[in-house]
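Please read the points below alongside the sequence and the coordinates. They are numbered so that each can be answered separately.

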Amino acid sequence: MGAQRQLPARRLTAVGLLSRPGAGAATRARAATAARALAAVAVLLAAVLGQAGSAPPTAGAAAAVAAAWSPPAVLSTCLGSGPARAAFPRNSPTHATGRGAVVWSAARSCPQGAGTVVSAIGGDDTPGRPAYARSPDGRRLSLRAPIALAPAPHGQLAIAGSASSATSADGMLVQGSAGGPFSPLGVLSGTIADSALFTAYLGDVAIATPGPSASRSGVQVRVERYFARSLSPALSIPAPAGGGVESLTVTLDFRTDAIAVWRQGGALYARDEPASGRVAPTQRLAAAAPAPRITALISDNNRAIVAWADERAGKTSVYLDDSATGVRFGRPQLLERFVNPAGLSYPRSSPRLVRLSSESVMMAWTGAQDGHWVVRTAPIDLNGLRKVSTISDPGVDSLLSDLAPGPDGEAIALWSQPQPTPHGLDTGRQAILAARGIDASPGRTIFQAPEAVAAPDANSEASVAFDPSSDRALALWRGANGQLEYAVRTPAAP
């Protein structure tokens, strides 16, 4: 994955995931993306090294840099259950194919009632006036939370949620441009809380759902290729063990293979689904406690990475399993194990794996150090996990919220800081911070100083997304009184 070799200090590489013969247009698109990323990353690296070096933040970093983000603004005064999400359609990390949008679920108690709300994003990456999503015949869509959102082919967005019918426990997937209308792509077996939605590097979409049986014990994977306008027939994965499917995750490589990962019967399983139709075995990765936090990536060099957090009785273990060629997993690597600081549960938003536009792979997760929660990052390449860096202030508790790749070889890590009290940490009052970083050689990540996004308040459910055309980032979060708030980060001119 992300084939960065040992190179002299400060020399960067845009050579990433290995391509299969005959990749053709996809390979050329990746080469152009990598070239652009290399030039932009050099600018970012110079800026980072021009600051206080790459040393970990000190206690003074708690103040953070504020100028990069616009002041927080309110997008809606009525956010229903579940977080809001933002996405930008694209067919490469640097080319948008349509307008982005913010999508969320409004509750029945909201002034205009229940429904799926869409706010199309304007040319300055500011969300526009919210409107209820509608079907082609004008009916209001009301997908129940949680809502999943992903870029889709042809400049469209895919939205998944639980069906609004009180008699149905299934989910629904719809698709359309940011301005609508949204047409059904199909009924999902199981609620969206049991399912997983993912967009590939070049715009294809995959959705994985529990099997249609009453026990929901198997897994089905369907893919919408970029050249298609419908989902593929379901690829069915038989149940490897008893019990229901939990923590289902799906990911695609550039345009070919998919991999699904899930917990079932007390263990973690992974299954490669090659587009060639070749049948691959279901692999048992490790024993796992209920509700593991799972993230995964697969590349077109026929390798995959799975990372997860396993929480048992107030103690968390973070693991990484980097496969050999042929998507053959071995013994997982334990990254760290700790007693959860302040007695808090491990965050559901950690760990995260992303493929950068340079085709390198970056991982971020919530760890612990000296009795505090911290945010860590590391690159992953053909040599496995490389140098681990702590990018949050190690003296201030920080919980990873999101990690998003940008079009210029960079990523933004977003995290929350619960405020300390004499009785522990107050998760009802959190600051939101962000940092922009790169994967540099030899084998390390370098992040700029943390940036203040939102002051301490009743903030939660934060996420971030990049506009591939402008390199601006949009952060979203639930604020006080159920308000949906946002801020925009505009990069400095090179």
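1. Q175 lies in strand β10 (residues 171-176), where strands (E, at least two residues) and helices (H or I, at least four residues) are DSSP runs numbered from the N terminus. The model is a predicted one, in which local features need pLDDT of at least 70 and side-chain atom pairs count only at pLDDT 80 or more, while totals for chains, interfaces and linings use all residues. Residues are numbered from 1 along each chain as its sequence is written, and side-chain values use heavy atoms, with hydrogens and water left out.

2. With a relative accessible area of 7%, Q175 is buried; the word means under 20% relative accessible area, with exposed meaning over 50% and partly exposed what falls in between (1.4 Å probe, protein chains only). The side chain of Q175 makes a polar contact with the side chain of E224 at 3.2 Å. Such a contact is a pair of N or O atoms within 3.5 Å, of which, within protein, one must be able to donate a hydrogen and the other to accept it, and residues adjacent in sequence count only if both atoms are side-chain atoms. Leaving aside neighbours within four places in sequence, the residues in contact with Q175 (heavy atoms within 4.5 Å) include A152, P153, L157, F182 and L185, as well as E224.

3. Strand β35 (residues 473-478) is largely enclosed by the rest of the structure, because six of its six residues are buried. In a regular strand the side chains alternate between the two faces of the sheet. Both faces of β35 are covered, with A473, A475 and W477 buried on one side and L474, L476 and R478 buried on the other.

4. On which strands does β35 pair in the antiparallel sense? One is β34 (residues 460-466), over five bridges, and another is β36 (residues 484-489), over six bridges; two strands pair if DSSP finds at least two bridges between them.

5. The hairpin of β34 and β35 has six residues between the strands, and D471 in its turn has a positive phi of about 65°. In the hairpin of β35 and β36, with five residues between the strands, N481 takes a positive phi near 60°.

6. P456, in strand β33 (residues 451-457), is partly exposed, with a relative accessible area of 29%. The C-alpha atoms of P456 and Q430 are separated by 4.6 Å, although these residues are 26 apart along the chain. Not counting residues up to four places away in sequence, P456 touches Q419, R429, Q430 and A431.

7. A search of the whole structure finds one disulfide, that is, a pair of cysteine sulfur atoms within 2.5 Å. C78 and C110 form it, with their sulfur atoms 1.9 Å apart. The pair links distant parts of the chain, 32 residues apart, with C78 in the loop between β1 and β2 and C110 in the loop between β5 and β6. The torsion about the S-S bond is about -80°, so the disulfide is left-handed, and both C78 and C110 are buried.

8. For the overall picture, the protein has one helix and 36 strands, and 59% of its 494 residues count as buried. Among contacts between residues at least 6 apart in sequence, 53% join residues at least 24 apart.
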